[in-house]
Amino acid sequence: MNVTHATETAATGMGGAAAIPPTRNEHLKWIFSLLCAAVILAVCVVAGLPRPACWFFSLTVLAICLWGFSLLPDGLVAVMLPMGYILSGVGTPAQVLSPWTKPMGWMILGGLMTGLVLQHTGLARRIALWALHVTGSSFRRLLWGILLAGFIIAPLMPTSTGKCILLGIICIGICDAMGFKARSREASTLLMAGYLAVAGPRMGLYTGAGEVTLNLQMLATAGVHVSWLEYFLQNFAPSVVYSVLSIVVLRLVMRPKSTVDARVWVEEQYAGLGPMSLREKKALALFAVLAVLMMTDKWHGINIGWIMMVVGFVGFLPGFDLVDGKKFATLNLTSVLFIVGCMSIGAAAQATGMDKSIARAVLPLLQGKGELGTVIASFFSGAGLNFLLTPVAAVSTFTVPLAEIAKALGINPLAPAYAFMLGLDQYVLPYEYAAFLYMFSTGYINFKDMVMVFAWRALMALIVLILVFYPFWKLTGAA
């Protein structure tokens, strides 16, 4: 999501400060975006496509340009896109706005609510410091402690940026206590470890992050259904290998030389928490119930979205008193609008039949390459789209056509969809993902080091896809 616009909005506040006039560069980007949309519309008309299809491609390309150039807040574009589809006749309101009746948006809102409980009870900080406490405090062990914290928090806080903020604060505290200067090798390593502790574990959980959940929800619209437990069994073990190797790559590339022992700082911070409070114990019990309900969704049949909403709501009730009701107003509902708005792309594609048309057009390129070849191609598609789209926008646009392609090839759509998601987890530049951008914006990460680490990590991810993920998917029925 667009961090710049969010920051500007927060800075101007509610008082209505004067808008910053567009720069010449932004004017050129607007002209380019509108020109692209007009050219696509003209090409589609000349090609003889139906009017709804012409407007679908034109409006979708315009939205992609606006997202790619950050010309408007991502959430605003996502909300107005379905309006454009409706007004241009791409689909009816019932078709285009159908994502608003699905559990996805409510699942994200429920995740924000449970994340609020986790943060405001202090349980999230206790978990992170406990992980550092039990793994030791040498520099090398600190990295594993950060990763352990990421795995524990992953199912409890479904927002990647929220997890990055939490671990970022911990990592910056360590840097300041140990005297690591911003952008030094040690500081860069710690902050990148904080991000990797969010990125890797989220890949193994249905509710690990909004884009992961959205990928599975889009598959469901294509007739491919996966429960929380099924996804966990198919992806969690490989995600552990992937996460561990990500830290190994980080250490090999960065080679931090610090021999500083952070034991004193870690123990002081952990001891400063004191005994677990009653609020923390109640929150822990609530999250235990949440975990059980998510893992058994295949049997009780209650959608995870409704579970997250109810569990998050319970935290506000009198008697539980885990979060002050006034805190609800602090939730960033833009993320809900953004994700559900992006889902209208898939809904509009289905309304016009363009999802199947796109699949038929791409199908000849993948025929004869076999299942593994399709999986690898899906990985590269995700990695390439990262330069143009946010993960949510990419998933909204391409998951359904990808599933249709897999069906036409006679292979299980899950493996290509999972590989596509793994490809979307490969970043080189910070603008590609809001959580990644947040960690870089702390000012503690050296840009050159970051590019090197994540370039090598992308190569590692491809190898792990072929040697670990794909064989495991074959074993568990996802391929």
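Visitor: Is phenylalanine 32 buried, exposed or partly exposed?
Guide: Phenylalanine 32 is partly exposed, because its relative accessible area is 42%. Buried means under 20% relative accessible area, exposed means over 50%, and partly exposed is in between, using a 1.4 Å probe and protein chains only.

Visitor: Got it. What kind of model is this, and how are residues counted?
Guide: It's a predicted model, where local features need pLDDT of at least 70 and side-chain atom pairs count only at pLDDT 80 or more, while totals for chains, interfaces and linings use all residues. Residues are numbered from 1 along each chain as its sequence is written, and side-chain values use heavy atoms, leaving out hydrogens and water.

Visitor: Back to phenylalanine 32, where does it sit?
Guide: In helix α2, which covers residues 24-46. Helices here are DSSP runs of H or I with at least four residues, strands are runs of E with at least two, and both are numbered from the N terminus.

Visitor: And how far is phenylalanine 32 from leucine 62?
Guide: They're 30 residues apart in sequence, and 9.6 Å apart in space from C-alpha to C-alpha.

Visitor: New topic. How do helices α9 and α10 pack?
Guide: α9 (residues 160-178) and α10 (residues 185-202) pack at an angle of about 155 degrees, and their axes are 9 Å apart. The axes are lines fitted to C-alpha atoms, for helices over the stretch in contact, and angles run from 0 to 180 degrees between N-to-C directions.

Visitor: What's the word for that arrangement?
Guide: That angle makes α9 roughly antiparallel to α10. Angles over 145 degrees count as roughly antiparallel, under 35 as roughly parallel, 65 to 115 as roughly perpendicular, and the rest as oblique.

Visitor: Which residues make the contact?
Guide: On α9, they include Leu167, Cys171 and Ile172, and on α10 they include Leu190, Leu191 and Val198. Contact means heavy atoms within 4.5 Å.

Visitor: How many residues of α21 are buried?
Guide: 11 of its 11 residues, so to speak mostly covered. The covering elements include α10, α12 (228-254) and α23 (447-476).

Visitor: And glutamine 426, where is that?
Guide: Glutamine 426 lies in the loop between α21 (414-424) and α22 (434-441). At 6% relative accessibility, glutamine 426 counts as buried. Not counting residues up to four places away in sequence, its contacts include Tyr242, Phe379 and Arg457.

Visitor: Last one: which domains does the chain have?
Guide: Domain 1 (27-92) and domain 2 (101-476), with bounds that come from an automatic or database domain assignment. Their C-alpha centres lie 29 Å apart, and 17 residues of domain 1 are in contact with 17 residues of domain 2.
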